[in-house]
Amino acid sequence: MLTTDHAAEIIGKMEKAQGNGVGYVVVETRPGEAQLKASDIQVFKTLDDALDYLDEKEELGHVPGFGTEEHPLYYQRIENLIADLKTANPTEALTTNVSEKMANDKPINHRTMNLNNLQDLKKEVTALGFSPKTADELEKNMRQLPQHFTVKDQLPGDKGQVDLTLHFHKSGVSDTYNFGKYEAVAGKVPPSAPNQSYMVLTENKDNKEKPLVKTFDSPNEAIEFFKKQKGTSELSIGESAESRHLLASKDTGKVNFVHDDFRGAYFSPAIKQTFYVKEGAGYSASQAANMVQGRTVHRDDLINPRNGEGYKAWIKLDFEQKKDDWGNFKLKQMNDPAFGFDLEKTLKGFKIKELSDPAQKEAIMSAMKNGDRVAVTAVNREGKEVKLMAEAAPQYKTLDLYSEKGKREKRELYKKPETSQSETKSQAKVKEKDLEEGRSVKI
(Lines give C-alpha, C1' and ligand atoms only; values in the text may rest on other atoms or scores of the structure.)
Protein backbone atom coordinates (compact mmCIF):
# COMPACT_ATOMS: atom_id res chain seq x y z
CA MET A 1 0.00 0.00 0.00
CA LEU A 2 1.03 3.61 -0.59
CA THR A 3 -0.71 5.07 2.46
CA THR A 4 1.39 8.01 3.66
CA ASP A 5 0.98 11.29 5.52
CA HIS A 6 2.95 12.97 2.73
CA ALA A 7 0.64 12.03 -0.16
CA ALA A 8 -0.36 15.61 -1.04
CA GLU A 9 3.25 16.78 -1.19
CA ILE A 10 4.28 13.78 -3.33
CA ILE A 11 1.35 14.17 -5.73
CA GLY A 12 2.18 17.87 -6.15
CA LYS A 13 5.79 17.04 -6.98
CA MET A 14 4.76 14.27 -9.39
CA GLU A 15 2.19 16.41 -11.24
CA LYS A 16 4.74 19.18 -11.70
CA ALA A 17 7.30 16.67 -12.95
CA GLN A 18 4.71 15.17 -15.29
CA GLY A 19 4.08 18.62 -16.74
CA ASN A 20 7.81 18.80 -17.49
CA GLY A 21 7.68 15.61 -19.54
CA VAL A 22 8.73 13.13 -16.86
CA GLY A 23 7.54 9.63 -17.66
CA TYR A 24 9.02 7.37 -14.97
CA VAL A 25 9.80 7.36 -11.26
CA VAL A 26 12.14 5.32 -9.08
CA VAL A 27 11.05 4.82 -5.47
CA GLU A 28 13.92 4.33 -3.03
CA THR A 29 12.04 2.59 -0.20
CA ARG A 30 9.55 -0.21 0.44
CA PRO A 31 6.23 1.73 0.61
CA GLY A 32 4.39 -1.00 2.52
CA GLU A 33 6.85 -0.86 5.41
CA ALA A 34 7.71 2.83 5.66
CA GLN A 35 6.08 6.24 5.21
CA LEU A 36 6.80 7.30 1.64
CA LYS A 37 8.24 10.82 1.32
CA ALA A 38 8.83 13.05 -1.68
CA SER A 39 12.58 12.80 -1.08
CA ASP A 40 12.35 9.02 -1.61
CA ILE A 41 11.40 9.50 -5.26
CA GLN A 42 13.60 10.20 -8.27
CA VAL A 43 12.04 11.21 -11.60
CA PHE A 44 13.20 10.46 -15.15
CA LYS A 45 11.93 11.39 -18.61
CA THR A 46 12.68 8.03 -20.21
CA LEU A 47 12.65 4.40 -19.15
CA ASP A 48 16.30 4.08 -20.19
CA ASP A 49 17.31 6.82 -17.75
CA ALA A 50 15.33 5.16 -14.95
CA LEU A 51 16.93 1.79 -15.62
CA ASP A 52 20.39 3.34 -15.77
CA TYR A 53 19.76 4.81 -12.32
CA LEU A 54 18.64 1.40 -11.07
CA ASP A 55 21.85 -0.14 -12.40
CA GLU A 56 23.95 2.45 -10.59
CA LYS A 57 22.11 1.80 -7.31
CA GLU A 58 22.39 -1.95 -7.72
CA GLU A 59 26.16 -1.60 -7.83
CA LEU A 60 25.91 0.09 -4.43
CA GLY A 61 24.01 -2.84 -2.94
CA HIS A 62 20.44 -1.74 -3.69
CA VAL A 63 18.30 -4.45 -5.28
CA PRO A 64 15.35 -3.46 -7.51
CA GLY A 65 12.10 -4.75 -6.10
CA PHE A 66 13.32 -7.43 -3.69
CA GLY A 67 16.05 -8.42 -1.25
CA THR A 68 16.86 -7.69 2.37
CA GLU A 69 18.65 -4.38 1.82
CA GLU A 70 17.46 -1.38 3.81
CA HIS A 71 16.18 0.57 0.81
CA PRO A 72 15.08 -1.65 -2.10
CA LEU A 73 14.09 0.08 -5.35
CA TYR A 74 10.98 0.11 -7.50
CA TYR A 75 10.26 1.87 -10.79
CA GLN A 76 7.01 2.58 -12.62
CA ARG A 77 5.29 5.10 -14.87
CA ILE A 78 4.57 8.39 -13.14
CA GLU A 79 0.83 8.40 -13.85
CA ASN A 80 0.53 4.99 -12.17
CA LEU A 81 2.21 6.24 -9.01
CA ILE A 82 -0.07 9.30 -8.89
CA ALA A 83 -3.16 7.11 -9.37
CA ASP A 84 -2.00 4.63 -6.70
CA LEU A 85 -1.38 7.43 -4.20
CA LYS A 86 -4.82 8.94 -4.80
CA THR A 87 -6.43 5.51 -4.41
CA ALA A 88 -4.54 4.60 -1.24
CA ASN A 89 -5.03 7.94 0.52
CA PRO A 90 -8.49 9.34 1.41
CA THR A 91 -9.53 12.48 -0.43
CA GLU A 92 -10.15 14.32 2.84
CA ALA A 93 -6.58 13.58 3.95
CA LEU A 94 -5.19 15.06 0.77
CA THR A 95 -7.45 18.11 1.10
CA THR A 96 -6.53 18.55 4.77
CA ASN A 97 -2.81 18.37 4.05
CA VAL A 98 -3.06 20.94 1.29
CA SER A 99 -5.33 23.20 3.34
CA GLU A 100 -3.02 23.07 6.34
CA LYS A 101 -0.02 23.98 4.22
CA MET A 102 -1.84 26.89 2.60
CA ALA A 103 -3.15 28.06 5.96
CA ASN A 104 0.40 28.27 7.30
CA ASP A 105 1.34 30.67 4.50
CA LYS A 106 0.75 34.35 5.16
CA PRO A 107 -1.86 35.81 2.73
CA ILE A 108 0.48 38.54 1.47
CA ASN A 109 3.18 35.98 0.63
CA HIS A 110 0.57 33.86 -1.14
CA ARG A 111 -0.48 36.81 -3.35
CA THR A 112 3.10 37.80 -4.06
CA MET A 113 3.95 34.25 -5.06
CA ASN A 114 1.09 34.24 -7.56
CA LEU A 115 2.27 37.48 -9.11
CA ASN A 116 5.86 36.30 -9.21
CA ASN A 117 4.70 33.09 -10.86
CA LEU A 118 2.81 35.12 -13.46
CA GLN A 119 5.89 37.27 -14.13
CA ASP A 120 8.11 34.21 -14.45
CA LEU A 121 5.75 32.50 -16.88
CA LYS A 122 5.46 35.64 -19.00
CA LYS A 123 9.24 35.78 -19.20
CA GLU A 124 9.39 32.11 -20.18
CA VAL A 125 6.90 32.32 -23.04
CA THR A 126 8.44 35.58 -24.28
CA ALA A 127 11.97 34.15 -24.20
CA LEU A 128 10.80 31.13 -26.20
CA GLY A 129 9.43 33.41 -28.91
CA PHE A 130 5.68 33.12 -28.41
CA SER A 131 3.59 36.13 -29.39
CA PRO A 132 2.75 38.95 -26.94
CA LYS A 133 -0.91 37.89 -26.94
CA THR A 134 0.17 34.57 -25.41
CA ALA A 135 1.69 36.34 -22.43
CA ASP A 136 -1.43 38.49 -22.13
CA GLU A 137 -3.67 35.41 -21.99
CA LEU A 138 -1.80 34.01 -18.99
CA GLU A 139 -3.15 36.36 -16.35
CA LYS A 140 -6.75 35.98 -17.52
CA ASN A 141 -6.52 32.20 -17.22
CA MET A 142 -4.56 32.10 -13.97
CA ARG A 143 -7.06 34.28 -12.11
CA GLN A 144 -9.65 31.50 -12.46
CA LEU A 145 -7.29 29.00 -10.73
CA PRO A 146 -8.14 25.99 -12.92
CA GLN A 147 -6.08 22.83 -12.47
CA HIS A 148 -5.00 23.01 -16.10
CA PHE A 149 -5.43 25.48 -18.95
CA THR A 150 -4.13 26.00 -22.47
CA VAL A 151 -3.19 29.07 -24.48
CA LYS A 152 -3.24 29.15 -28.28
CA ASP A 153 -0.75 30.77 -30.62
CA GLN A 154 0.02 30.60 -34.35
CA LEU A 155 2.96 31.11 -36.67
CA PRO A 156 2.91 31.32 -40.48
CA GLY A 157 4.06 28.18 -42.28
CA ASP A 158 5.16 27.23 -45.78
CA LYS A 159 1.81 25.78 -46.84
CA GLY A 160 -0.46 26.81 -43.98
CA GLN A 161 -0.32 28.15 -40.46
CA VAL A 162 1.38 26.30 -37.62
CA ASP A 163 -0.77 25.98 -34.51
CA LEU A 164 0.85 26.11 -31.07
CA THR A 165 -0.95 24.98 -27.90
CA LEU A 166 0.77 25.78 -24.60
CA HIS A 167 -0.12 23.73 -21.51
CA PHE A 168 -0.06 25.10 -17.96
CA HIS A 169 -0.59 22.89 -14.88
CA LYS A 170 -1.29 24.04 -11.33
CA SER A 171 0.72 22.51 -8.52
CA GLY A 172 -1.12 20.08 -6.27
CA VAL A 173 0.00 21.92 -3.14
CA SER A 174 -0.01 25.61 -4.13
CA ASP A 175 -1.50 28.09 -6.60
CA THR A 176 1.61 28.28 -8.78
CA TYR A 177 1.55 27.10 -12.37
CA ASN A 178 4.13 25.32 -14.45
CA PHE A 179 4.69 25.60 -18.20
CA GLY A 180 5.87 22.09 -19.03
CA LYS A 181 5.05 21.48 -22.68
CA TYR A 182 3.43 22.71 -25.87
CA GLU A 183 2.22 21.12 -29.10
CA ALA A 184 3.01 22.30 -32.61
CA VAL A 185 0.78 21.26 -35.52
CA ALA A 186 1.56 21.94 -39.18
CA GLY A 187 -0.97 21.21 -41.90
CA LYS A 188 -1.38 22.22 -45.51
CA VAL A 189 -4.51 24.29 -44.99
CA PRO A 190 -4.08 28.03 -45.61
CA PRO A 191 -5.36 30.36 -42.88
CA SER A 192 -8.73 31.99 -43.45
CA ALA A 193 -8.98 35.43 -45.01
CA PRO A 194 -9.76 38.45 -42.79
CA ASN A 195 -13.32 38.38 -41.44
CA GLN A 196 -13.66 34.73 -42.43
CA SER A 197 -13.36 31.57 -40.37
CA TYR A 198 -13.50 27.82 -40.79
CA MET A 199 -16.67 26.26 -39.41
CA VAL A 200 -18.23 22.86 -38.87
CA LEU A 201 -21.99 22.51 -39.16
CA THR A 202 -23.69 19.55 -37.47
CA GLU A 203 -27.27 18.38 -37.25
CA ASN A 204 -29.49 20.12 -34.70
CA LYS A 205 -31.87 17.53 -33.25
CA ASP A 206 -34.10 20.26 -31.79
CA ASN A 207 -34.34 22.23 -35.04
CA LYS A 208 -33.35 20.43 -38.23
CA GLU A 209 -33.76 23.62 -40.22
CA LYS A 210 -31.03 25.36 -38.22
CA PRO A 211 -27.78 23.36 -37.90
CA LEU A 212 -25.36 23.82 -35.03
CA VAL A 213 -22.34 25.93 -36.03
CA LYS A 214 -18.90 25.78 -34.42
CA THR A 215 -16.24 28.20 -35.68
CA PHE A 216 -12.46 27.77 -35.49
CA ASP A 217 -9.47 30.10 -35.62
CA SER A 218 -7.34 27.14 -36.64
CA PRO A 219 -8.03 25.27 -39.91
CA ASN A 220 -6.17 22.25 -38.52
CA GLU A 221 -8.51 22.08 -35.53
CA ALA A 222 -11.53 22.52 -37.82
CA ILE A 223 -10.49 19.53 -39.96
CA GLU A 224 -9.73 17.40 -36.89
CA PHE A 225 -13.13 18.21 -35.38
CA PHE A 226 -14.95 17.52 -38.67
CA LYS A 227 -13.24 14.14 -39.11
CA LYS A 228 -14.53 13.05 -35.68
CA GLN A 229 -18.19 13.69 -36.54
CA LYS A 230 -20.38 10.59 -36.77
CA GLY A 231 -23.51 12.08 -38.26
CA THR A 232 -24.36 14.50 -41.07
CA SER A 233 -21.97 17.45 -41.06
CA GLU A 234 -20.24 20.09 -43.19
CA LEU A 235 -16.82 21.71 -43.15
CA SER A 236 -17.01 25.20 -44.62
CA ILE A 237 -15.36 28.61 -44.70
CA GLY A 238 -16.91 32.06 -44.81
CA GLU A 239 -17.90 35.18 -42.94
CA SER A 240 -21.04 33.47 -41.63
CA ALA A 241 -23.00 30.24 -41.94
CA GLU A 242 -25.32 31.95 -44.41
CA SER A 243 -22.48 32.95 -46.75
CA ARG A 244 -20.32 29.87 -46.30
CA HIS A 245 -18.36 28.04 -48.99
CA LEU A 246 -18.55 24.24 -48.71
CA LEU A 247 -15.19 22.42 -48.42
CA ALA A 248 -16.26 18.91 -47.34
CA SER A 249 -19.35 17.06 -46.15
CA LYS A 250 -20.39 13.84 -44.43
CA ASP A 251 -23.53 11.76 -44.56
CA THR A 252 -24.08 9.47 -41.54
CA GLY A 253 -20.41 9.78 -40.67
CA LYS A 254 -19.03 8.97 -44.12
CA VAL A 255 -17.31 11.56 -46.30
CA ASN A 256 -19.30 12.07 -49.49
CA PHE A 257 -17.67 15.25 -50.82
CA VAL A 258 -14.35 17.10 -50.69
CA HIS A 259 -13.81 20.17 -52.85
CA ASP A 260 -11.19 19.67 -55.59
CA ASP A 261 -9.06 22.56 -54.36
CA PHE A 262 -9.22 21.27 -50.80
CA ARG A 263 -8.36 17.59 -51.30
CA GLY A 264 -4.60 17.96 -50.90
CA ALA A 265 -5.00 19.76 -47.58
CA TYR A 266 -7.76 17.47 -46.32
CA PHE A 267 -6.17 14.13 -47.06
CA SER A 268 -2.62 15.09 -46.04
CA PRO A 269 -2.35 14.40 -42.30
CA ALA A 270 -1.14 17.29 -40.18
CA ILE A 271 2.24 16.86 -38.48
CA LYS A 272 1.94 17.11 -34.69
CA GLN A 273 4.69 17.06 -32.08
CA THR A 274 4.89 17.75 -28.35
CA PHE A 275 7.86 19.83 -27.21
CA TYR A 276 8.81 19.83 -23.53
CA VAL A 277 9.99 22.84 -21.55
CA LYS A 278 12.05 22.64 -18.38
CA GLU A 279 12.42 25.75 -16.24
CA GLY A 280 11.85 27.96 -19.28
CA ALA A 281 14.39 26.17 -21.47
CA GLY A 282 13.64 24.15 -24.59
CA TYR A 283 12.92 24.51 -28.28
CA SER A 284 11.69 27.98 -29.22
CA ALA A 285 8.32 28.46 -30.90
CA SER A 286 9.93 29.15 -34.28
CA GLN A 287 12.24 26.13 -33.96
CA ALA A 288 9.26 23.89 -33.22
CA ALA A 289 7.34 25.35 -36.18
CA ASN A 290 10.30 24.66 -38.45
CA MET A 291 10.71 21.10 -37.18
CA VAL A 292 7.09 20.08 -37.78
CA GLN A 293 7.55 21.39 -41.32
CA GLY A 294 10.44 19.00 -41.83
CA ARG A 295 13.41 21.25 -41.26
CA THR A 296 16.45 20.87 -39.01
CA VAL A 297 17.49 23.15 -36.14
CA HIS A 298 20.83 23.64 -34.39
CA ARG A 299 21.03 23.56 -30.58
CA ASP A 300 24.18 24.67 -28.76
CA ASP A 301 22.74 24.37 -25.23
CA LEU A 302 22.23 20.62 -24.92
CA ILE A 303 23.32 18.73 -21.81
CA ASN A 304 24.39 15.10 -21.70
CA PRO A 305 22.35 13.62 -18.79
CA ARG A 306 24.98 10.96 -18.14
CA ASN A 307 27.92 13.26 -17.48
CA GLY A 308 26.41 16.75 -17.30
CA GLU A 309 28.59 18.02 -20.15
CA GLY A 310 27.26 20.44 -22.77
CA TYR A 311 27.25 19.67 -26.46
CA LYS A 312 25.89 20.91 -29.81
CA ALA A 313 23.80 19.14 -32.42
CA TRP A 314 21.59 19.49 -35.47
CA ILE A 315 18.17 17.98 -34.71
CA LYS A 316 15.13 17.09 -36.81
CA LEU A 317 12.00 14.97 -36.50
CA ASP A 318 12.50 11.48 -37.87
CA PHE A 319 9.43 10.83 -40.02
CA GLU A 320 10.75 7.44 -41.15
CA GLN A 321 10.70 5.79 -37.72
CA LYS A 322 7.68 4.61 -35.78
CA LYS A 323 6.33 7.14 -33.29
CA ASP A 324 6.99 6.69 -29.58
CA ASP A 325 4.41 5.58 -26.99
CA TRP A 326 3.15 9.16 -26.61
CA GLY A 327 2.51 9.67 -30.34
CA ASN A 328 5.59 11.82 -30.90
CA PHE A 329 8.10 11.49 -33.69
CA LYS A 330 11.52 10.40 -32.54
CA LEU A 331 14.38 12.87 -32.93
CA LYS A 332 17.21 12.42 -35.40
CA GLN A 333 20.30 13.99 -33.83
CA MET A 334 23.51 14.85 -35.65
CA ASN A 335 26.18 15.95 -33.20
CA ASP A 336 28.24 18.98 -34.15
CA PRO A 337 31.03 18.84 -35.26
CA ALA A 338 31.30 15.02 -35.09
CA PHE A 339 28.65 14.46 -37.79
CA GLY A 340 30.68 16.46 -40.28
CA PHE A 341 28.27 19.14 -41.48
CA ASP A 342 29.92 22.57 -41.64
CA LEU A 343 27.29 25.21 -42.48
CA GLU A 344 29.76 27.97 -43.30
CA LYS A 345 31.80 25.70 -45.58
CA THR A 346 28.63 24.46 -47.27
CA LEU A 347 27.43 28.00 -47.94
CA LYS A 348 30.76 28.83 -49.60
CA GLY A 349 30.00 26.15 -52.19
CA PHE A 350 27.02 28.11 -53.52
CA LYS A 351 26.93 31.32 -55.54
CA ILE A 352 24.85 33.39 -53.11
CA LYS A 353 25.21 37.14 -53.46
CA GLU A 354 24.51 38.06 -49.81
CA LEU A 355 27.45 36.01 -48.53
CA SER A 356 29.89 38.71 -49.66
CA ASP A 357 28.55 40.94 -46.86
CA PRO A 358 29.74 39.66 -43.44
CA ALA A 359 26.66 40.98 -41.64
CA GLN A 360 24.24 39.36 -44.09
CA LYS A 361 26.24 36.14 -44.02
CA GLU A 362 26.01 36.02 -40.23
CA ALA A 363 22.25 36.67 -40.39
CA ILE A 364 21.76 33.87 -42.94
CA MET A 365 23.74 31.40 -40.83
CA SER A 366 21.83 32.33 -37.67
CA ALA A 367 18.46 31.93 -39.42
CA MET A 368 19.42 28.57 -40.92
CA LYS A 369 20.55 27.30 -37.52
CA ASN A 370 17.09 28.22 -36.27
CA GLY A 371 15.65 26.03 -39.03
CA ASP A 372 14.36 28.97 -41.09
CA ARG A 373 13.91 28.97 -44.83
CA VAL A 374 15.90 32.07 -45.85
CA ALA A 375 15.45 34.42 -48.82
CA VAL A 376 18.68 34.68 -50.86
CA THR A 377 19.88 35.93 -54.23
CA ALA A 378 21.63 33.11 -56.09
CA VAL A 379 23.52 33.25 -59.39
CA ASN A 380 22.85 30.45 -61.88
CA ARG A 381 25.16 28.98 -64.54
CA GLU A 382 24.24 31.69 -67.01
CA GLY A 383 25.25 34.37 -64.51
CA LYS A 384 21.65 35.44 -63.93
CA GLU A 385 20.53 36.45 -60.43
CA VAL A 386 17.57 34.46 -59.12
CA LYS A 387 15.53 35.05 -55.97
CA LEU A 388 15.37 31.78 -54.01
CA MET A 389 14.57 30.36 -50.59
CA ALA A 390 17.33 28.29 -48.97
CA GLU A 391 17.46 26.04 -45.92
CA ALA A 392 20.12 23.90 -44.30
CA ALA A 393 19.98 20.14 -44.94
CA PRO A 394 22.58 18.79 -42.47
CA GLN A 395 21.57 15.15 -42.94
CA TYR A 396 22.84 15.32 -46.53
CA LYS A 397 25.52 17.92 -45.80
CA THR A 398 24.11 20.45 -48.26
CA LEU A 399 21.43 23.12 -48.76
CA ASP A 400 17.92 22.73 -50.15
CA LEU A 401 16.76 25.44 -52.55
CA TYR A 402 13.23 26.51 -53.47
CA SER A 403 11.60 29.07 -55.71
CA GLU A 404 9.71 31.91 -54.04
CA LYS A 405 6.52 29.89 -54.70
CA GLY A 406 7.91 26.87 -52.88
CA LYS A 407 8.93 24.69 -55.85
CA ARG A 408 12.15 22.74 -55.29
CA GLU A 409 15.11 23.94 -57.39
CA LYS A 410 18.12 21.95 -58.57
CA ARG A 411 20.97 22.96 -56.32
CA GLU A 412 23.55 22.04 -58.99
CA LEU A 413 22.46 25.09 -61.02
CA TYR A 414 23.71 27.43 -58.28
CA LYS A 415 26.82 25.65 -57.06
CA LYS A 416 30.30 26.93 -57.63
CA PRO A 417 32.42 24.79 -60.00
CA GLU A 418 34.01 22.03 -57.93
CA THR A 419 37.75 21.53 -58.24
CA SER A 420 38.85 18.13 -57.03
CA GLN A 421 42.14 17.62 -55.27
CA SER A 422 43.47 15.59 -58.19
CA GLU A 423 42.56 18.37 -60.63
CA THR A 424 44.36 20.90 -58.44
CA LYS A 425 47.51 18.80 -58.39
CA SER A 426 47.29 18.27 -62.14
CA GLN A 427 46.93 22.00 -62.80
CA ALA A 428 49.90 22.69 -60.51
CA LYS A 429 52.06 20.25 -62.50
CA VAL A 430 51.02 21.85 -65.80
CA LYS A 431 51.90 25.30 -64.46
CA GLU A 432 55.28 24.07 -63.20
CA LYS A 433 55.98 22.48 -66.58
CA ASP A 434 55.13 25.73 -68.39
CA LEU A 435 57.52 27.65 -66.16
CA GLU A 436 60.32 25.20 -66.87
CA GLU A 437 59.73 25.45 -70.58
CA GLY A 438 59.80 29.21 -70.33
CA ARG A 439 63.16 29.15 -68.57
CA SER A 440 64.66 26.83 -71.21
CA VAL A 441 63.59 29.15 -73.99
CA LYS A 442 65.31 32.11 -72.31
CA ILE A 443 68.53 30.11 -71.95
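Does Arg 373 count as buried, partly exposed or exposed? At 22% relative accessibility, Arg 373 counts as partly exposed, where buried means under 20% relative accessible area, exposed over 50% and partly exposed in between (1.4 Å probe, protein chains only).

The model is predicted: local features need pLDDT of at least 70, side-chain atom pairs count only at pLDDT 80 or more, and totals for chains, interfaces and linings use all residues. Residues are numbered from 1 along each chain as its sequence is written, and side-chain values use heavy atoms, leaving out hydrogens and water.

**Salt bridges**

A search of the whole structure finds 17 salt bridges, each defined as a side-chain nitrogen of Lys or Arg within 4 Å of a carboxyl oxygen of Asp or Glu.

| Pair | N to O distance |
|---|---|
| Lys 86 and Glu 15 | 3.4 Å |
| Lys 170 and Asp 175 | 3.9 Å |
| Glu 391 and Arg 373 | 2.9 Å |

Helices (H or I, at least four residues) and strands (E, at least two) are DSSP runs, numbered from the N terminus. Glu 391 is buried, with a relative accessible area of 6%. Salt bridges that share partners join Asp 158, Arg 295, Arg 373 and Glu 391 into one network.

In the pair of Lys 170 and Asp 175, Lys 170 is buried at 13% relative accessible area, and Asp 175 is buried at 11%.

**Asp 163**

Asp 163 is found in strand E5 (residues 162-170) and is buried, with a relative accessible area of 5%. Its side chain makes a polar contact of 2.7 Å with that of Gln 161 and another of 2.9 Å with that of Asn 220. A polar contact is a pair of N or O atoms within 3.5 Å; within protein, one must be able to donate a hydrogen and the other to accept it, and residues adjacent in sequence count only if both atoms are side-chain atoms. The C-alpha atoms of Asp 163 and Ala 184, 21 residues apart along the chain, are separated by 5.6 Å.

**An antiparallel sheet**

An open sheet of 3 strands has the order E13-E14-E15, with antiparallel pairing; two strands pair if DSSP finds at least two bridges between them. Its edge strands are E13 (297-303) and E15 (330-336). Strand E14 (residues 310-318) is joined to E15 by 7 bridges, and Lys 312 has Asp 336 in E15 as its bridge partner.
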